[in-house]
Amino acid sequence: MKLIEASRVSKEELELFLQNNNQIDIKTLLKSGYVVISDEKIIGCFELESVDEGAFWLKQLYIIRNEAVKLPVLLEFILVFAKQKRAKVVFAHSEQPVTDLLLESLSFSLHEGDDLQLQKTTNRKGHWWSYQVG
């Protein structure tokens, strides 16, 4: 499994991947996103957006259905990648119970309260999680 900046992938490869995954925002993916390559094809993508010094938001995480079993490994890859970017904390948002379980199993902590700036700017339902890197 390899992570590559989405902006460095050929337009044809990206369009082929997005053809069946139209819920992904291509503009933000190209700005701050990465694609996940396995067996020479794109199987997923994510954004890791800097929100503050040392704080990143893991957003728009997606993996194709027949590769979903690799999601825990992908999340671990992303956390190692965040550490390389000198992240101190990674935030993630979940609106699905299964995503909550996955984040909890990977040692993310449920963020209680409404003091998180991301909560105020995004106004999303669901849960915010944080992972202390390092």
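Modeller: Start with contacts. Ser 130 is in contact with Val 89, Val 90, Phe 91, Ser 107, Phe 108 and Ser 109, leaving aside neighbours within four places in sequence. Contact means heavy atoms within 4.5 Å. The model is predicted: local features need pLDDT of at least 70, side-chain atom pairs count only at pLDDT 80 or more, and totals for chains, interfaces and linings use all residues. Residues are numbered from 1 along each chain as its sequence is written, and side-chain values use heavy atoms, with hydrogens and water left out.

Colleague: Why is Ser 130 called buried?

Modeller: Buried means under 20% relative accessible area, exposed over 50%, partly exposed in between (1.4 Å probe, protein chains only). Ser 130 has 10%, so Ser 130 is buried.

Colleague: Why does Gly 54 count as buried?

Modeller: The relative accessibility of Gly 54 is 12%, so Gly 54 counts as buried too. Gly 54 sits in the loop between strand 3 (41-52) and strand 4 (55-63). Strands are DSSP runs of E, at least two residues, numbered from the N terminus.

Colleague: What does Gly 54 touch, not counting residues up to four places away in sequence?

Modeller: Arg 86, Ala 87, Lys 88 and Val 89.

Colleague: What makes up the lining of the second largest pocket, by class?

Modeller: Four nonpolar, two polar and two charged residues. Ala, Val, Leu, Ile, Met, Phe, Trp, Tyr, Cys and Pro count as nonpolar, Asp, Glu, Lys and Arg as charged, and the others, Gly among them, as polar.

Definitions and conventions:
Helix = DSSP H or I, 4+ residues; strand = E, 2+ residues; numbered from the N terminus.
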